[in-house]
Amino acid sequence: MENFVVSARKYRPSDFKSVVGQSHITTTLKNAIKNEHLAQAFLFCGPRGVGKTTCARILAKTINCENRKDNGEACNECSSCEAFNSNSSFNVHELDAASNNSVDDMRNLVDQVRYVPQKGKYKVYIIDEVHMLTTQAFNAFLKTLEEPPKHAIFILATTEKHKIIPTILSRCQIFDFNRIQIQDISQHLEYISKEEGVDYETEALRLIATKADGALRDALSIYDLIVTFSAGKKVTYQETIDNLHVLDYDYYFKVTDALLEESISKALLIFDEILKKGFDGHNFLVGLSEHLRELMVCKDPDTAVLLQVSETAKARYVEQSANSPLSFLLSGLSICNQADLSYKASKNQRLHVELVLMKLAKLPHAISLAAVSDQEAKKSLANESEVKAEAAGNAKTSTQPAPAQVIKKTIAIPSNLKAVKNQVKAKPAEKLAEKESTKVAAPVLDDSLPRQPINQDTVKNVFAEVLDEFREDHKNMEMALLNQPFEVRGQEVVFMLSSGLHEDLFPKLKPELTGILRRKLRHPDVEVTFEITEHEKDPIKNLYTAGEKFTYLMEKSPALKELKKRFGLQADF
């Protein structure tokens, strides 16, 4: 019985051109070899399973090839290449830093470096998972890494670049490996399937590539698993989702259709079916968010390239995207994102997801209502523009409009409250300001409670609450005004003002203050007025600046005036 070799080993690239998805790395290395610009220390970093160790081995084989090709590739025919391919080369040394990370291990490596190769030009030392070395081991390696012999080349590989000390990084030429694209992994799996005579469905291979999350080695391991799971040599989409326990994207299309139909019952039944198949509610939420995102990118041809699915699935996404309003997709993404963040904190996680589906099912109705309101607002604005245009036309023809024209303008005002408010603003500003400054809105009184008597005690009791309401919305000067003494005279609350500034400010506050007092006292007849007290005429009370105060003191004290004159003093005001 022939021994089975996993695809990750059997189809491991043996030259630069067969490396998948890292063209920026392979091109640089081939040019360095052709131009003989090789560094003495390389650092290959990136996620797992993307080709770091593979590229290190290919580089080690190529630089010692005796009959290197013009394009910088190894010939795979000379004795050096054959020795490397059979794992018997004495010029390539691999060290696993995860299990050989002590100072003694590094010192043994440093002792070997000084011996020249028996055959070939370079001795290559590949240190995998180099971030596992201890700080002491790194320090023991520093000097050799900085000034190695001419025949020695070090290739360090790591998945965690941030754990390597800066002194090592500064001595290496760093290459960053990327996650391999879904399209590249899928094409490589197609190539292997053809080589192995395996029947496949393109959608199944793409699902494997997606599940691998950019790691080709993981994709090959999953591929071997699916081929072994199937009865014959085939890879089908259904067997792949069953084996990987992946939720079929067809469910997301069904759920989205139900949400667009505003059918809460359909959406909840589909979610119940998903739970019965053993899928987690959190994974469903994440998948639904991804589905809404795919629909959104299909809205614009420029972003449609971000959709990494098969052509069949892409056609379904485009079709459903055409029936999904962009506002629905954006609001749905926001709701799903908030639900994702709070999922683990929920005590009833099933209900948590069901509430999300209920909200999403009511989104189309809410969007349609918002659209109607927007149309009404635009219509109101159009009416307002017509009124303004008519008023302007009348002003040109006659400065004294006829009574009929005034009536016509009054009838043209729409019943919409917002439009009425906007049209009021269009009236002459000065006269309107005068009227509104004294206008007091009729308060909403609670008829179930008795009216309070209007006297000094009741007004004083409610005035603390009045100050609290004013404190949030008014400035210090306005609050100072309200702290002035007052007297209750019948149904009038008379404030005793002591400043001309207060006299100017009070009329602006009077309407609001009157309305609050009427509501608090439950009495519609309360009025608020003010008086200027006699002591405001005292000149001392009217001194505001330092210059005014100094002038007043000199008039009261001739000695101060004489002192200023005798010493030639100047006031710095």
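**Entry 1: helices 16 and 17**

I started with a helix pair: helix 16 passes helix 17 in a right-handed crossing. For handedness I look at the near helix: a crossing is right-handed if that helix is turned clockwise from the far one by less than a right angle, and left-handed if anticlockwise. I took helices (H or I, at least four residues) and strands (E, at least two) as DSSP runs, numbered from the N terminus. Helix 16 covers residues 326-342 and helix 17 covers residues 349-361; they pack at about 165°, axes 10 Å apart. Axes are lines fitted to C-alpha atoms, for helices over the stretch in contact, and angles run from 0 to 180 degrees between N-to-C directions. Helix 16 and helix 17 are therefore roughly antiparallel. The cut-offs: under 35 degrees is roughly parallel, over 145 roughly antiparallel, 65 to 115 roughly perpendicular, the rest oblique. From helix 16, the contact uses Phe 328, Gly 332, Ile 335, Cys 336, Ala 339 and Ser 342; from helix 17, His 352, Val 356, Lys 359 and Leu 360. Contact here means heavy atoms within 4.5 Å.

**Entry 2: the model**

I note that this is a predicted model, in which local features need pLDDT of at least 70 and side-chain atom pairs count only at pLDDT 80 or more, while totals for chains, interfaces and linings use all residues. Residues are numbered from 1 along each chain as its sequence is written, and side-chain values use heavy atoms, with hydrogens and water left out. The pLDDT is the predictor's confidence in each residue, from 0 to 100. The protein chain averages 78, and 78% of the residues score at least 70. Over residues 398-440 the pLDDT is below 50; this stretch has 30 contacts in the model beyond near neighbours in sequence.

I then checked the totals. The protein chain comes to 26 helices and 10 strands. It has 573 residues, and 40% of them count as buried. Buried is under 20% relative accessible area, exposed over 50%, partly exposed in between (1.4 Å probe, protein chains only). Among contacts with a separation of 6 or more, 71% join residues 24 or more positions apart.

**Entry 3: helices 12 and 13**

I looked up a second pair. Helix 12 (residues 249-260) and helix 13 (residues 264-276) pack at about 160°, with axes 8 Å apart. That makes the two helices roughly antiparallel. Helix 12 passes helix 13 in a left-handed crossing. Tyr 251, Lys 254, Val 255, Ala 258 and Leu 259 of helix 12 meet Lys 266, Ala 267, Ile 270, Glu 273 and Ile 274 of helix 13.

**Entry 4: helix 3**

How many of the 12 residues of helix 3 are buried? I find 11, so the helix is largely enclosed by the rest of the structure. Among them are Lys 52, Cys 55, Ile 58, Leu 59 and Ile 63. Their cover includes helix 2 (23-35), helix 4 (79-85), and strands 1 (41-45), 2 (92-96), 3 (123-128) and 4 (152-158).

**Entry 5: helix 9**

Helix 9 (residues 202-211) is mostly covered, with seven of its 10 residues buried. The buried ones include Glu 203, Arg 206 and Ile 208. Just after helix 9, Asp 213 takes a positive phi of about 55°.

**Entry 6: Glu 531**

I found Glu 531 in strand 10 (residues 527-532). Glu 531 is partly exposed, at 33% relative accessible area. Leaving aside neighbours within four places in sequence, Glu 531 is in contact with Arg 489, Val 494, Phe 495, Met 496 and Leu 497. Phe 486 lies 45 residues from Glu 531 in sequence and 9.4 Å away, C-alpha to C-alpha.
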